[in-house]
Amino acid sequence: MRRWRLVLGGGEGEGTGCELAGRDAAMDGALGALYGGEGRDRGKKDRSRDRSAGLGASAPSVSRWLGDIRKYFPSSVVQVMQRDAIERLGLSTLLLEPEMLEAVEADVHLVGTLLSLNKAMPETTKETARTVVRKVVEDLEKRLATRTRATLTGALDRSARVSRPRHHDIDWNRTIAANLKNYLPEYKTIVPERLVGYGRASQSVKKEVILCIDQSGSMAASVVYASVFGAVLGSMRSLNTRLVVFDTNVVDLTDQLDDPVDVLFGTQLGGGTDINRALAYCQSQITRPADTIVVLISDLYEGGIRNEMLKRVAAMKASGVQFVTLLALSDEGTPAYDREHAAALSALDAPAFACTPDLFPEVMAAAIEKRPLPIPDMNAHR
């Protein structure tokens, strides 16, 4: 009954008859400050509209509330409550105060909010904001970098086929397929006259990667993850990585790849979208089509010339470019996206799908090896 009382929030008709005291009462107060104005007494307009009844929109009261929820709830719950407070109570402007930034629990979504406020951020707040963003970025790099490098290094090795491999480098599936004509029925075996094996990627550049990132407001989390992955890919000698962000304008941030924080503060979240213009720039940077992978990260709501965009994708694929379309690069599941454009890309053999950060290394490895992409079940993310 105590748990039900905390869930239902008290009030008339709540029905548990359970009284809260001490820590439980404090937890209930923290929850009620954020959620108490919605869902109760819906017939009373003055209360149903007053969502911030228990959480005044002032820095001192919000700072106290942030301290309370960090005391009573685990980090994962704190992040959800912070996100709800920013979205439901319109507290974004308070994040422009350094004291507020020092009190919040930093996560990818908070970074996205800070980046969207970048233009309005006073100088006194920017350094604190960069510290918050850097902490999130460093945590992401620790989680993602090692596995990404290992996965892609293996893919680069396997993509270098050789005809005289060492025994442990033989690709038996391809070797058998290449020697089926040499089957000896009397011995029930194949004579492998020609061996097919994996080479070892040298330190020279083997593949070109272009990350083309939509920086419209809905893509905030994807921009954060893509910047981190861009830095990881950029650190690999066998890959030549370029990072391009766009709205209605196109900005090449490749020279800032070694510091994802600089990349993130170089973006301008919000605004329109011109995918065709961005792809035109990416196309102009391709010098080795057969060794190039273009990763477009966008919800495909195109504000530019749709037919030209599709023609560019078709031309790149015809030249040998591996083209990957990610509707999102985040843990948020399948986003809202333009289904007509996604279907048109699929018809060009460039399927569009949402990708989690954990799946991204496998997607890139498949693109490097030119094998089918590990496309997740879109319905599972809805």
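User: Why is Val7 called exposed?

Analyst: Val7 has a relative accessible area of 63%. Exposed means over 50%, buried under 20% and partly exposed in between (1.4 Å probe, protein chains only), so Val7 counts as exposed. The model is predicted: local features need pLDDT of at least 70, side-chain atom pairs count only at pLDDT 80 or more, and totals for chains, interfaces and linings use all residues. Residues are numbered from 1 along each chain as its sequence is written, and side-chain values use heavy atoms, without hydrogens and water.

User: Where is Val7 placed in the secondary structure?

Analyst: Val7 sits in helix 1 (residues 2–8). Helices (H or I, at least four residues) are DSSP runs, numbered from the N terminus, as are strands (E, at least two). The chain has 15 helices and 10 strands.

User: Which aromatic pair does a search of the whole structure find, and what makes the pair tilted?

Analyst: The search finds 1 aromatic pair. The ring centres of Phe229 and Phe360 are 4.5 Å apart, with the planes at 45 degrees. Rings of Phe, Tyr and Trp (its six-membered ring) pair if their centres lie within 6.5 Å; planes under 30 degrees apart count as stacked, over 60 as edge-to-face and the rest as tilted. The pair is therefore tilted.

User: Why does the pair tie together parts that are apart in sequence?

Analyst: Phe229 belongs to helix 10 (residues 220–234) and Phe360 to helix 15 (residues 360–369), so the parts joined are 131 residues apart in sequence. Both Phe229 and Phe360 are buried. Buried residues make up 47% of the 382 residues in the chain.
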